[in-house]
Amino acid sequence: MPKVRSSNIGYPRIGEKREWKKSLESYWANTTSQEELLASLKEIRLTNIQKQKDAGIDLIPVGDFSLYDHVLDTAVSFGLVPDRFEYNGGKVDLDTYFAVARGTDSAVASEMTKWYNTNYHYIVPEITQAPTTLVHNRVLELYNEAKAELDIETKPVILGPVSFVKLSKNQTGLSEKDLIRSFVPLYAELLKELEASHVAWVQVDEPFLNGEVTEADLDLLQEVYAQLDVAAPKVNLLLQTYFEAVDDYEAIVNLPVQGIGLDFVHDEGKSLQQVAKYGLPSGKILAAGIIDGRNIWKADLQEVKHIVDQLSVLVGEGQLILQPSCSLLHVPVTVSLEEELPEFLKAGISFADEKLEELVALADVANDVRDEEILEASAEAVRSLNESSSRNNEDVRALLEEIGDSVPTRAVEATERLRLQQEKYQFPLLPTTTIGSFPQTKEVRQKRLKWRKGKLESAQYEQFIRDEIDKWIKIQEDLDIDVLVHGEFERTDMVEFFGEKLAGFQFTKFGWVQSYGSRCVKPPVIYGDVAFIEPMTVKETAYAQRQTNRPVKGMLTGPVTIFNWSFPRTDISEGQVVNQIALALRKEVEELEKEGINLIQVDEPAIREGLPLKKEKTEAYLKQSVEAFRLSTITVQPETQIHTHMCYSDFEAIIESIDALDADVISIETSRSHGELISAFEDFTYNKGIGLGVYDIHSPRVPAQEEIDRNISRALSVLDPTLFWINPDCGLKTRKEKETVEALRVMVAAAKQAREQLVTSPE
């Protein structure tokens with residue numbers, strides 16, 4: 001056995017050119033059969049495994065691949081399907097699986113929310129009764145597939161029972177502890193079956209361990225893993241954590257498992273300190289996450305080798321595995337396709353395949369298989385990038401210095417601003433609006449692509465965009481929506497669009513990552529100081545406003561969201577980068593206001609998702625986020641109404657910070673969580689406008705009016721109706737035109753009915 005081995009925690013599912021996404025969407029559109037879908041996905045899955053084998057990875061994950069989401073995979077393995085989908089037991093069929101994730105005409109989809117502090121979304125399991133059966137040992141099936149098709153020994157990956165239950169909705173009436181205990185026999189059965197197939201290692205992900213962990217949690221972990229160890233004694237369990245350092249190192253490394261996976265990238269140096277101070281139990285494996293699995297910058301391998309050298313001494317020969325800090329699900333597949341990147345930047349970037357190369361290089365050097373010279377190129381690439389004049393803008397640095405640490409608030413209090421705004425706009429009770437985007441049809445995408453490739457004249461493209469705006473302004477007026485949007489037909493992604501127009505950003509051609517389901521995004525690369533160049537949204541928004549007498553909202557993406565949904569530089573502080581973005585956006589806000597756009601929405605769906613996993617870091621993060629938002633919006637006049645929007649989140653934890661944003665109107669999701677988020681406002685007096693998304697746009701189904709009525713009624717039991725707005729829960733770009741119009745018609749009808757009831761029964 002080598003002194004040091006290499007391992008991977010998880011590999012991107014989507015394929016080098018999003019073949020996975022295309023296969024899924026073709027199946028959903030009924031243009032390919034189930035057999036064709038499964039064959040296509042199998043090919044991608046096996047290709048991923050073979051690539052990792054060819055790269056030289058020793059422990060290759062299997063089970064990390066998914067048809068939609070790995071948490072949903074875990075749920076259906078135990079037959080956990082909500083009753084509304086009419087599941088009758090046994091292995092969950094493919095269409096039921098997709099129905100849980102996407103909904104049907106008669107059943108709303110399960111809730112979707114953020115995977116810890118990432119931009120990946122998972123389907124929240126709904127557990128109504130304790131599980132009784134392992135209906136499908138999916139990882140065993142995939143392990144056997146890799147063995148039979150490729151003759152490759154793999155490492156099955158499963159989501160651990162404690163994290164799984166903590167990520168779920170417990171609707172059983174059982175305590176969390178007892179519900180977790182009910183899963184143990186089923187996990188034991190799963191492991192026994194893997195043991196019978198001679199599986200050597202199983203990676204059991206318990207990411208909750210990197211957050212706030214109680215003594216009761218640790219006691220339960222000891223109990224659970226002791227039982228699993230007894231159930232399958234010949235299987236080596238690697239308990240995997242990521243995204244932060246663990247606080248309870250001594251207790252965790254002494255759990256009855258054969259290996260512990262720790263993050264050595266996002267841990268602020270704590271993991272190395274813990275190993276140095278407390279050591280590692282004899283014979284136990286340390287899987288050290290020493291290559292960043294969440295960002296795309298090449299590591300200085302000479303620096304990383306210093307950590308590897310220290311760990312090699314601390315844990316002993318044969319006890320060290322090198323791996324990414326987390327699953328590579330969060331980064332694109334390969335830099336090799338990026339032929340248009342500037343060379344200085346491409347040399348400093350590392351996607352999934354390149355990160356595997358970095359790991360193997362480090363392992364080879366540690367094992368004396370290769371010379372240390374192989375590490376020098378990475379150090380030189382990092383130095384060249386950091387010293388590049390393209391990365392450093394002295395004017396931006398000077399402006400940040402001038403602003404200093406304090407960010408002023410708007411000159412007029414929120415209640416007075418709302419009075420002035422109502423006086424100006426004369427909004428009806430329960431005004432209706434949408435979040436921003438309208439359907440990006442195939443024609444819209446094709447026209448944009450032709451224009452980008454130079455096959456369509458700019459004048460023709462701009463006329464096409466104006467025609468789309470005209471069409472949807474008319475649709476909104478016919479639907480009798482109160483505050484309109486221009487539809488964002490000129491935009492690709494809500495972050496990419498702005499990044500393309502700001503200094504300091506670079507874009508890739510194939511740098512896609514999965515956000516949710518088949519939805520893939522291509523995060524911008526923030527490589528340099530961010531600066532405003534010229535107006536970005538004014539032309540289309542001002543044009544839309546000239547076509548109607550109703551107000552049209554300007555639509556911007558906020559600084560924290562642009563940061564969180566990009567691959568940001570790491571050579572300066574997060575706060576510096578976020579504030580640079582905020583200053584650039586402030587200029588755009590001012591340009592919109594100059595053109596008479598006096599409702600401006602600055603979306604911040606990513607504030608909640610970026611919350612640190614450790615409570616002691618939360619206050620500083622929220623303070624930074626609030627100040628960046630205010631920095632981007634404080635210069636407008638009192639009559640200019642600032643809106644913001646946030647997605648699926650536990651708002652109760654950050655309600656005071658939401659208030660501190662000092663936006664005039666905030667819209668948040670409430671449909672997919674079945675109205676549960678409204679409880680955040682029951683104990684907090686919120687004196688600003690609030691729009692609760694009353695139907696789920698991530699499902700293709702058109703909601704029944706009764707569903708929207710219930711969501712409105714639930715909200716009005718808590719919120720002041722004079723402050724309440726009605727809107728969908730997110731943008732509509734992924735939906736088709738017919739379903740969008742029908743759903744909005746239902747929403748407006750529900751709003752008018754509720755409005756009428758309030759007027760006739762004001763008490």
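Helices (H or I, at least four residues) and strands (E, at least two) are DSSP runs, numbered from the N terminus. Gln-440 sits in the loop between α16 (414–425) and α17 (442–452). This is a predicted model: local features need pLDDT of at least 70, side-chain atom pairs count only at pLDDT 80 or more, and totals for chains, interfaces and linings use all residues. Residues are numbered from 1 along each chain as its sequence is written, and side-chain values use heavy atoms, with hydrogens and water left out.

Gln-440 is buried, at a relative accessible area of 8%. Buried means under 20% relative accessible area, exposed over 50%, partly exposed in between (1.4 Å probe, protein chains only). Contact means heavy atoms within 4.5 Å. Not counting residues up to four places away in sequence, Gln-440 touches Arg-445, Arg-448, Glu-488, Phe-489, Arg-491 and Lys-733.

Now the cores. A nonpolar core is a set of buried Ala, Val, Leu, Ile, Met, Phe, Trp, Tyr and Cys residues joined through side-chain atoms within 4.5 Å. The largest one has 139 residues, and Phe-98, Trp-115 and Phe-164 have the most contacts inside it. Its largest share, 10 residues, comes from helix α7 (residues 176–196). Apart from this core lies another, of 96 residues, including Phe-438 and Val-741.

Last, two helices. The axes of α22 (residues 574–594) and α23 (residues 615–633) come within 7 Å and cross at roughly 20°. Axes are lines fitted to C-alpha atoms, for helices over the stretch in contact, and angles run from 0 to 180 degrees between N-to-C directions. Among the contact residues are Val-578 of α22 and Tyr-621 of α23.
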